[in-house]
Amino acid sequence: MNAFKVYVTSICLTAILLSVFSSCKDEDGPDNRGITDETYKPVKLTPVSGLRVAWDYSSLTKLANKGSSLKMVRISEQTLVGVYESDYSIYAIISNDNGITWGTPMTLFGKTTHQGTHGEQTITYTDLMTQPSITQLSNGDLVAACGVIYKYTIDNIATEFPAAILTRRFSIDGNLETIQQVYSNLGCESPALLELPDGELQLYFANSTTSETVEIISSTGLFITYGEQQIEMIYSRDGGATWSSYIGGFGPDGIEKRWTGSKIISYRSGKINNSPSVAILGDNIVLAYGDNRNVTFKPYIVRTSLTDSWPYPVNGDAPEREYAFYEMLPEKYFMGYPGLLTLPSGESLLAYETDADRDEGCEALEVAISDRNALDFTKTTRPLGLTKSIRSVMNSLMLFDDKTIVALTTSNYQSPSADAPWYIKGYLMNDLIISDVDITDYPLFVGGLSEANVRVGLGVDGSHLFVEAKAIDATPVSATAGSLEGDGIYLYIDAANLSLLDVDTGISRLWISAEGDVTRWDGKEGEWHPVSSGGISAVSIKDEFGYTLSITIPKSSLTNFNNSGIRFGVGLSDYSDMTKGTIELLSQCKDLRSSSWLGIKF
């Protein structure tokens, strides 16, 4: 376009714009240019569905007065075996009554010493036992493993470094077989055991990418620094009696002796891959581990077929290396030392420690859920709702029964100056199908903040929804009539099954006090509005442990009740006195967001 045409076009555009602005202005009325459409429009969201975990504060148990790195297995219907570290020795502890009481700890790997070299002099190393792991084999045998930190002192300066993996077979009646050293190298640590369906026992561990000789590992000539760690694996085909690893001869005439026989599983150049945790999911072996790919550690996932496991290492940014979470999380947050648990129903759980919103040095246990194939973990919870100054670290998970898991942690809770092994139960909840008027099951649980808790069951017939809530509360506080300050429960009902970002017509909230008083709000344009109860009634029965509420809700009292299904939530109001109380909602539920409530089908 030439200059003349540009000039003419500019004049025309200017004239048009002046004409438009002039015609838009009303001399006798307001300037309407800033008016926007503020009409409320409900926003539908994909509902939160699938598995949730509700943590039970009343089940929080300290296993020993001090210690760390608790792991646990179930070996029979009533028997549990735990292993943990205390004062750099590894102990086993046994419960024959499903965790109600525990026996006297049994030493599996005691702190020992061995001789090393400092130039031409002999020095004494202290072997510090740490990071225990345990599994029960299909034949009933128990196998434990641990890492070993070598420590020596010269001129009053102590030096420590991870250096070895030990294993031991044992039984709960006290039969202890010989301890075996199955691998040694600088940076060798964090063993994780897994038995395959064909009987092969695999042991995964983190290891430095630099292979050191046996002689140099026990000398002060070792250069104790490494910038890379990788995940490796050794295996046993005789239940842990012998392993694929061995000391091989290298260099001229095979003089240099190094441990070998391991398979590299995962490696990223210049980075640390550590803290492996492994499980079987369907036809695959799934491995979670920590990776400082960018700045801080985050969990990553790799997997392989059971029939031809790990045919090659997963290197760098190979597509087989999967970021564990559904969303990319801020690099400023540390999320390390993962513990993986796969469920028979197909879901997976991932425990890890994080420093997000915590005081320095007080990382917290967090658990995330994957509804399929150990991918896209989300729905995070913190099993121990502790203050920012209380840490819960070195975590793992165990399947307690088909509806319950256990999170195991190391915490200074109730003893700020000392760590101890703790565990807490979590109840597995999912979307429900309700078809019977009789309430015999109470699958919904709220009670992660205090000893008080409530279990809730539902029933239905052609004209009513029935809810029964069994609350345990050792500090009963009665709310005065018309007040919400006291013990009771909240019910959330998206009767129209709208699954909204906030609340609108067809969505209700109920408060039922421990005395059976009913208060109701209905949603409208994103807010709660008080309304009459509409015939909703509740009967309260109190006993020495708490109270039971039997609630009858006419379907006709709820707007646009969907007889195919609704969304439903529960909250617990727990007061310790008339001025101090907490309100806790069902896991993943938010007060105004009906899409976050549990799905109920009829």
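The side chains of R268 and D291 meet in a salt bridge, with 3.0 Å from N to O, where the term stands for a side-chain nitrogen of Lys or Arg within 4 Å of a carboxyl oxygen of Asp or Glu. This pair links distant parts of the chain, since R268 sits in the loop between β16 (263-267) and β17 (273-281) while D291 belongs to strand β18 (residues 284-291), 23 residues apart; strands here are DSSP runs (E, at least two residues), numbered from the N terminus. Both R268 and D291 are buried, that is, under 20% relative accessible area, with exposed meaning over 50% and partly exposed in between (1.4 Å probe, protein chains only).

The model is predicted, so that local features need pLDDT of at least 70 and side-chain atom pairs count only at pLDDT 80 or more, whereas totals for chains, interfaces and linings use all residues. Residues are numbered from 1 along each chain as its sequence is written, and side-chain values use heavy atoms, with hydrogens and water left out.

R268 and D291 also take part in a network of salt bridges that includes R293, D317 and R321, and the structure as a whole holds 18 salt bridges.

Another of these pairs joins the side chains of E515 and K542, at 2.5 Å from N to O. Because E515 lies in the loop between β34 (507-513) and β35 (518-524) and K542 in strand β37 (residues 537-542), the pair ties together parts that are 27 residues apart in sequence. E515 counts as partly exposed because its relative accessibility is 30%, and K542 is likewise partly exposed, at 45%.

D371 and K379 form a salt bridge through their side chains, at 2.9 Å from N to O. Here D371 is partly exposed, with a relative accessible area of 39%, whereas K379 counts as buried because its relative accessibility is 10%.

Definitions and conventions:
Helices (H or I, at least four residues) and strands (E, at least two) are DSSP runs, numbered from the N terminus.
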